[in-house]
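This report describes one protein chain in short sections. Please consult the sequence and the structure shown below while reading.

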Amino acid sequence: MKQHDWHIEPREYARQEERRGRRFAYERLTPTRTALVVIDMIPFFVTPGSYAAGIVPNILALVETVRNSGGLVVWVVPAPRQTYPELAREFYGETVAEVFRTSGGEGPIVARLYREFLPEPQDLMIEKTSYSAFHPESAPLAPLLKSRGIDTALVVGTLTNVCCESSIRDAFASGFRTVMLADANAARRDIDHNASLHTIYRSFGDVRATEEVIAMLLHGDEPVFS
């Protein structure tokens with residue numbers, strides 16, 4: 001499996017430790033108030049030998065843990081329409097705008113996910129019409145999560161530096177505690193992935209490994225890996 005060589009620079013850890021007296025903002029996860037937001041894990045991105053294919057096992061492990069601990073799993077895919085189609089055509093050109101518009105396919109969301117993902121009836125399935133899953137003009141995710149008492153979003157999927165970073169930024173701006181899973185997000189290149197991790201960790205949310213988040217969910221309100 002192709003995996004990103006990810007890291008957070010020691011100086012960034014030191015900066016946050018000096019600011020708040022600890023490395024990570026969120027030392028506890030309350031499972032019943034936590035949503036795992038799986039973004040754009042679709043055949044368009046999950047191709048053989050890709051970084052996206054390499055994160056599938058970690059996402060599956062997170063899905064199982066979140067469900068079993070009482071959290072919410074959210075599947076997000078691109079809608080076959082865009083928030084501002086004229087702007088997309090002007091910015092990308094006709095051909096690329098159409099490729100992006102159709103990247104998520106059409107029909108039931110469950111059939112549009114990568115084949116290894118099997119949503120269950122209690123999961124939430126959402127279409128978004130732009131990069132961010134949390135922008136109010138793109139998807140109704142933020143109010144839906146708040147209506148369920150969710151205050152924490154674990155973000156996984158593709159691409160780290162586009163839809164996933166955009167979603168984390170808007171989730172933070174909407175009042176959610178946010179965590180980006182460093183080894184359950186995928187970009188095209190390590191440099192893109194790590195630049196996004198740096199930005200998120202510095203300004204918008206925690207960056208954690210899958211095994212750490214699973215341990216936090218299993219321990220509930222008890223602090224671990226602080």
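Is Tyr 131 buried, partly exposed or exposed? Tyr 131 is partly exposed, with a relative accessible area of 36%, where buried means under 20% relative accessible area, exposed over 50%, and partly exposed in between, computed with a 1.4 Å probe and protein chains only.

## Basis of the model

The model is predicted: local features need pLDDT of at least 70 and side-chain atom pairs count only at pLDDT 80 or more, while totals for chains, interfaces and linings use all residues. Residues are numbered from 1 along each chain as its sequence is written, and side-chain values use heavy atoms, with hydrogens and water left out.

## Overall form

The chain contains 10 helices and six strands; these are DSSP runs numbered from the N terminus, with helices being H or I of at least four residues and strands being E of at least two. The C-alpha trace spans about 50 × 40 × 35 Å along its principal axes. For 226 residues, a compact globule would have a radius of gyration near 17 Å, and the value of 17 Å for the chain agrees. That radius is taken over C-alpha atoms, and the globule rule is 2.2 Å times the number of residues to the power 0.38.

Of the 226 residues, 51% count as buried. The accessible surface of the chain comes to about 10400 Å², and 53% of it belongs to carbon and sulfur atoms; accessible areas come from the Shrake-Rupley method with a 1.4 Å probe, and for residues only the protein chains shown count as cover. Among contacts (heavy atoms within 4.5 Å) between residues at least 6 apart in sequence, 77% join residues at least 24 apart.

## A nonpolar surface patch

Tyr 131 lies in the loop between strand E3 (124–128) and helix H7 (141–147). Together with Phe 44, Val 96, Val 99 and Phe 100, Tyr 131 makes a nonpolar surface patch of about 380 Å². Patches are made of residues with over 30% relative accessible area and no salt bridge; like charges are joined within 9 Å, and nonpolar side chains (Val, Leu, Ile, Met, Phe, Trp, Tyr) within 5 Å.

## Salt bridges

Side chains of opposite charge can pair when their charged atoms come close. With a salt bridge defined as a side-chain nitrogen of Lys or Arg within 4 Å of a carboxyl oxygen of Asp or Glu, the count comes to 16. One of them joins Arg 20 and Asp 206, at 3.7 Å from N to O. Arg 20 belongs to helix H1 (residues 10–20) and Asp 206 to strand E6 (residues 206–208), so the pair ties together parts that are 186 residues apart in sequence. Arg 20 is partly exposed at 25% relative accessible area, whereas Asp 206 is buried at 1%.

Glu 98 and Arg 101 also form a salt bridge, with their closest N and O atoms 2.7 Å apart. The two residues are three places apart in helix H5 (residues 94–101), a separation of about one helical turn. Both Glu 98, at 38%, and Arg 101, at 23% relative accessibility, are partly exposed. A further pair, Arg 208 and Glu 212, has its closest N and O atoms 3.8 Å apart, and both residues are buried. Glu 9, Arg 11, Glu 12 and Arg 15 are linked in a network of salt bridges.

Helix H8 (residues 160–173) has 14 residues and should span 20 Å at 1.5 Å a residue; its end C-alpha atoms are 18 Å apart, which agrees. The expected span is 1.5 Å times one less than the number of residues. Buried residues of H8 include Cys 163, Cys 164, Glu 165 and Ile 168. The buried residues of H8 pack against strand E1 (34–39), E3, strand E4 (152–158), strand E5 (177–186) and helix H9 (190–203).

Leu 159 lies in the loop between E4 and H8, and the peptide bond from Thr 158 to Leu 159 is cis, with omega near -25°. H8 is followed by Gly 175, whose phi is positive, near 100°.

## Buried charged residues

Asp 40, in the loop between E1 and helix H2 (51–54), has phi near 55°, a positive value in a residue other than glycine. Asp 40 counts as buried at 1% relative accessibility. Asp 192 lies in helix H9 and is buried at 18%; leaving aside neighbours within four places in sequence, Asp 192 is in contact with Asn 161 and Ala 187.
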